[in-house]
Amino acid sequence: MGKVFVTRKVPDIGINILQDAGHEVVVSEKDGVLTREELINALKADSYDAVFCLLTDKIDGEVYDAAPSAKIWANYAVGFGNLDLDDAKERGITVTNTPGVLTDTVAEYAVALMLAVAKRIPEADRFTKELKYQGWAPELLLGADLKGKTLGIVGAGRIGSGVASRAYYGLGMKIIYYDVNPNKQLEKELRATFKANVDDIMKEADVISVHVPLLDSTKHLISRARLQMMKSTAFLINTSRGPVVDENALVELLRDGTVRAAGLDVFEEEPRLAHGLPELSNVVVTPHIASATEETRGKMSEMAATNIKEFLAGNKPPNPVT
Ligand code: NAD
């Protein structure tokens, strides 16, 4: 039977699956992310057959080499930008992720951020708790309606499509989208319009919601120049990965009002926020919690563990990253 290292405490369901399959499971005892050095040392301390890792672990050749017998690295996330896939391939390592189980949760969250920004809910909450509310007023904390407005989806995969569907059916929004692969189903079901380049989304949408994976081709896809193309009334939602948006440029443009407002669950240098971001009132920020529900985190743990269990049993894991 195999020995599995888990880089941080995760919901028990995954650990139980591995133990029930007869594997020995060692969970990092640190209350937090292991530093690169701590991770390498922990891996070298024993001989592991599999690693259950998190999106907060930055994994490249040197880290893989610290566990030479581990030929499967199961990421507890749908994203996989934290693992160097070329280095994995060179070493014959299989990387897996947890697609699908967090689609609905993250799509709900992106819509929640859209509404929070459009209706200025966090700002209103602070205002009220600070006892600034002096009575109803016609122009107090005016927000924006979403019905009839255009939602621009950047990356119409699982989550992007889930957001589009909720916005179309639930909020009565029109959908335009950009993706390297046109999504015919979205066009048919939601009467979504495909745009051949991201600039058209930036110029035409009232709300832009970003759902591409972090790849070389998507780093700063939402660049300063593109942010400057946004309508003066439009706002940006990012629940994908921080580096997809030029965060420093966004802060400047939010500050000078070029971008009206934004909702961000992810940041370029997590957990650090770009200089000046926390002081802005026209941005809603949350600590990368779009998939953080009890149900979903449990399913992710189950899925990552199943990938390891199947691999160690000599089978193809259900969710290899290709
Ligand atoms: P997915 O693979 O189903 O969809 C991604 C879409 O992006 C695909 O349709 C793909 O064709 C498109 N795409 C890829 N490169 C592109 C490019 N250069 N330009 C335009 N489109 C491009 O993935 P998903 O399950 O919808 O997840 C999307 C991302 O959301 C993940 O990669 C992850 O980084 C992020 N995510 C964040 C959280 C969170 O907690 N905030 C949770 C889950 C996922």
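**Entry 1: helix α2**

I started on the outward side of α2, where Glu-37 and Lys-44 are exposed. This is a predicted model, so I keep that in mind throughout. Next I looked up which residues of α2 (residues 36–44) are buried, and got Leu-39, Ile-40, Ala-42 and Leu-43. Looking down the axis of α2, I find these buried residues within an arc of 165°, so they line one face of the helix. What do the buried residues of α2 pack against? I noted β1 (3–6), β3 (50–53), α3 (61–65) and β4 (72–75).

**Entry 2**

On pairing, I see β3 and β4 joined in the parallel sense over 3 bridges. β4 also runs parallel to β5 (residues 94–96), again with 3 bridges. Ala-74 turns up in my notes on both pairings: Phe-52 has Ala-74 as its bridge partner in β4, and Ala-74 stands opposite Thr-96 in β5.

**Entry 3: Phe-52 and the cores**

Phe-52 made me look at the packing. The largest nonpolar core has 47 residues, and Phe-52, Leu-151 and Val-163 touch the most other members. Which helix gives this core its largest share? I got α5 (residues 103–118), with 9 residues. Why does the core lie between the two domains? Domain 1 (3–99 + 294–312) and domain 2 (103–285) both contribute residues to it, so it sits between them.

I then listed the contacts of Phe-52, skipping neighbours within four places in sequence. Among them are Val-4, Phe-5, Val-6, Leu-18, Ala-74 and Tyr-76, and I also noted Ser-301, Ala-304, Ala-305 and Ile-308. There is a second, separate core of 31 residues, and I wrote down Ala-205, Val-245, Leu-253 and Leu-254 as included in it.

**Entry 4: Asn-238**

My last stop was Asn-238, in strand β10 (residues 235–238). Its relative accessibility is 1%, so I count Asn-238 as buried. Leaving out residues up to four places away in sequence, I have Asn-238 touching Val-210, Val-245, Gly-263, Leu-264, Asp-265 and Val-266. Val-245 I had already met in the second core.

Terms used:
Residues are numbered from 1 along each chain as its sequence is written. This is a predicted model: local features need pLDDT of at least 70, side-chain atom pairs count only at pLDDT 80 or more; totals for chains, interfaces and linings use all residues. Side-chain values use heavy atoms; hydrogens and water are left out. A nonpolar core is a set of buried Ala, Val, Leu, Ile, Met, Phe, Trp, Tyr and Cys residues joined through side-chain atoms within 4.5 Å. Buried means under 20% relative accessible area, exposed over 50%, partly exposed in between (1.4 Å probe, protein chains only). Helices (H or I, at least four residues) and strands (E, at least two) are DSSP runs, numbered from the N terminus. Domain bounds come from an automatic or database domain assignment. Contact means heavy atoms within 4.5 Å. The arc is that of the directions from the helix axis to the C-beta atoms. Two strands pair if DSSP finds at least two bridges between them.
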